[in-house]
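Here are my notes for a first look at this one. Keep the viewer open while you go through the points.

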Amino acid sequence: MNRIVLLGMTLLLGGAVAAPAAAQDRALVIGNAGYRAAVDAVGAEAVLPGAAALGTAGFVVLDGRDLDAAAMRENLSATLRALEGAERVVIVLSGHFVHAGSDSWFLGVDAAEPDLATVGGMGLSLATVMEV
């Protein structure tokens with residue numbers, strides 16, 4: 001099974017959509033630019049047009065802009081529930097990331113002063129995302 005995980009501002013659509021998509025191919029695209037308690041992630045929304053390109057290539061796409069942590073978890077969970085039979089999976093996350101020790105997190109727009117004890121509730125663990 002081919003699984004492609006794209007993180008940050010990188011969107012490799014050429015490689016991700018070069019072959020025709022199978023009916024069950026899935027994509028999750030999140031562009032978080034407008035953070036409430038942090039400086040905006042300028043340009044993070046630039047990944048969102050990629051969602052349309054993936055849809056044109058036959059992927060079933062779930063996308064979101066400026067999502068809080070709860071909405072991001074729900075979108076990742078919905079993507080996971082739909083993976084049975086998927087040939088390819090594309091996950092694109094663009095916005096603010098933080099790192100500590102052995103994990104990194106993609107922050108929701110509602111993140112406010114994350115620390116090691118609270119960051120798990122403010123975003124998506126990249127360790128979890130990489131398990132997809």
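1. A search of the whole structure turns up 2 salt bridges, counting a side-chain nitrogen of Lys or Arg within 4 Å of a carboxyl oxygen of Asp or Glu. Keep in mind that this is a predicted model, where local features need pLDDT of at least 70, side-chain atom pairs count only at pLDDT 80 or more, and totals for chains, interfaces and linings use all residues. Residues are numbered from 1 along each chain as its sequence is written, and side-chain values use heavy atoms, with hydrogens and water left out.

2. One of the salt bridges joins the side chains of R88 and D25, at 3.0 Å from N to O. Where do R88 and D25 sit in the chain? R88 belongs to strand β4 (residues 88-94), while D25 lies in the loop between α1 (13-16) and β2 (26-31), so to speak a link between distant parts of the chain, 63 residues apart. Helices (H or I, at least four residues) and strands (E, at least two) are DSSP runs, numbered from the N terminus.

3. Are R88 and D25 buried or exposed? Both are buried. Here buried means under 20% relative accessible area, exposed means over 50%, and partly exposed is in between (1.4 Å probe, protein chains only).

4. The side chains of E74 and R81 also form a salt bridge, at 3.1 Å from N to O. E74 is partly exposed, at 42% relative accessible area, and R81 counts as exposed at 57%.

5. Now the aromatics: the count is 1 aromatic pair, taking rings of Phe, Tyr and Trp (its six-membered ring) with centres within 6.5 Å; planes under 30 degrees apart are stacked, over 60 edge-to-face, and the rest tilted. The rings of F97 and F106 have centres 5.0 Å apart and planes at 35°, so this pair is tilted. F97 is partly exposed at 31% relative accessibility, whereas F106 is buried at 0%.

6. For the overall picture, the protein chain has 4 helices and 7 strands. Along the sequence they follow the pattern β-α-β-α-β-α-β-β-β-β-α. Of the 132 residues, 41% are buried.

7. Among contacts (heavy atoms within 4.5 Å) with a separation of 6 or more, 70% come from residues 24 or more positions apart. The protein chain exposes about 6,400 Å², with carbon and sulfur atoms supplying 56% of it; accessible areas come from the Shrake-Rupley method with a 1.4 Å probe, and for residues only the protein chains shown count as cover.
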